[in-house]
Amino acid sequence: MTVSRAMVQTAVRHMEMAHFPVPEAIAPGQILLRVEANGVCGSDVSHYAGSFGAGSDREYPVVRGHEAVGHVAAITPEAVARWGVATGDRIVVEPVAPCRRCGRCAREAPELCERRFVYGRRPIDADGALWGAFSEYMLVHPGSRVHLIPDSIPIAEAALHNALAGGFEWTVRAAGTEPGDDVVILGPGLRGIAGAMAAQEAGARNIVMIGRGDPRKAELARAFGATHVLDSRTTDIVASVREICGGGAQRIVDLTPHAPWAMNAAIDMAALGATIVVVGVKGAQVPIASDQLLHKALTVRGVNGPGDWGYDRAIETIVARRRPLHLLHTHRFSLDQADRAITTLEGGGADELALGVCVTA
């Protein structure tokens, strides 16, 4: 019997290595993935810290990890017919598998599916344990979308798939960005920089990145499309955005975690009829200037994970290799260091830049 090592979260801020049997037979529609690597993102930090939200981040024990890249170790005929992949193929797996049958899925809102399956959140039970990518093997749900990715793509770039998908989905599709729009991105992390790239490809005019003065992030933001980079600690960001954009921006994407001030700043810098996309988890109630929402006729959209459209754009970008994506990868950890990978992304060090972090199995 094949055994898979996996890092299991058993409590807030605690993970430990465990060993689980790999199924000798998989259910119809499933794939058994030999995990190569898994990207780490802000939701991993929140789950690890027990602060993501009621219920889902406290159902222990659980194998975390939801940004898998790996090779097909076993596959059922149903999965072959659906995705056109075969044993040995290298694939990435989208983190969420909506049911594709409920009313919300039928209305093209699969991200709101109440029966959706999410990797890295299923507690170890009679169904097995291998539903997270902090593991040597992972089961792929029959409802998942998978994407072929060549073995020639370096793992440091392949592991960016979820971050790039978020950049495209939130900054372009959710925000409704069109050629000539002015776009503001609050938060120059990995997904913010990916958003600058996506906005540039969508034909945005001004792309304003707002951060906290890290010159390395500023340089990367400009390399990937930002036309302006503002330091929120030393600059009146609202006044600056109004000046740059001629009154206000049409599209604003708030990616700042645990930064309650950002919501009202976004409202203040918004042009009439603008769209504000809220991604960053605040972890607290945020009083907002609701009168401005009315007077400016603003649209505020809350989003979570990227959808099919964003993933298609991300995979296309990775495979085309038309961007220096290797610049976004900063850290790689082994499987037994998964907790360290998360805390590195969470805080890093005073002189440490943590953007693209992955765990290799």
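Student: Which residue has a backbone nitrogen 3.4 Å from a polar atom of the side chain of Ser-4?

Tutor: The structure is a predicted model, in which local features need pLDDT of at least 70 and side-chain atom pairs count only at pLDDT 80 or more, whereas totals for chains, interfaces and linings use all residues. Residues are numbered from 1 along each chain as its sequence is written, and side-chain values use heavy atoms, with hydrogens and water left out. At 3.4 Å from a polar atom of the Ser-4 side chain lies the backbone nitrogen of Glu-136.

Student: What is the length of the polar contact between the side chains of Ser-4 and Ser-135?

Tutor: A polar contact is a pair of N or O atoms within 3.5 Å; within protein, one must be able to donate a hydrogen and the other to accept it, and residues adjacent in sequence count only if both atoms are side-chain atoms. The side chains of Ser-4 and Ser-135 are joined by such a contact, of 3.0 Å.

Student: Is Ser-4 buried or exposed?

Tutor: Ser-4 belongs to strand S1 (residues 3-11); strands (E, at least two residues) and helices (H or I, at least four) are DSSP runs numbered from the N terminus. Beyond four places in sequence, Ser-4 touches residues including Ala-18, Phe-20, Leu-130 and Tyr-137, where contact means heavy atoms within 4.5 Å. The classes of relative accessible area are under 20% for buried, over 50% for exposed and in between for partly exposed (1.4 Å probe, protein chains only). Because its relative accessibility is 0%, Ser-4 counts as buried.

Student: How far apart in space are Val-12 and Glu-114, C-alpha to C-alpha?

Tutor: Val-12 is placed in the loop between S1 and S2, and a relative accessibility of 42% is why Val-12 counts as partly exposed. Val-12 and Glu-114 are 102 residues apart in sequence, and their C-alpha to C-alpha distance is 26 Å.

Student: How are H1 and H12 oriented to each other?

Tutor: Two packed helices are described by the angle between their axes and the distance between the axes. Axes are lines fitted to C-alpha atoms, for helices over the stretch in contact, and angles run from 0 to 180 degrees between N-to-C directions. The axes of H1 (residues 42-49) and H12 (residues 338-346) come within 9 Å and cross at roughly 110 degrees. Angles under 35 degrees count as roughly parallel, over 145 as roughly antiparallel, 65 to 115 as roughly perpendicular and the rest as oblique, and H1 and H12 are therefore roughly perpendicular.
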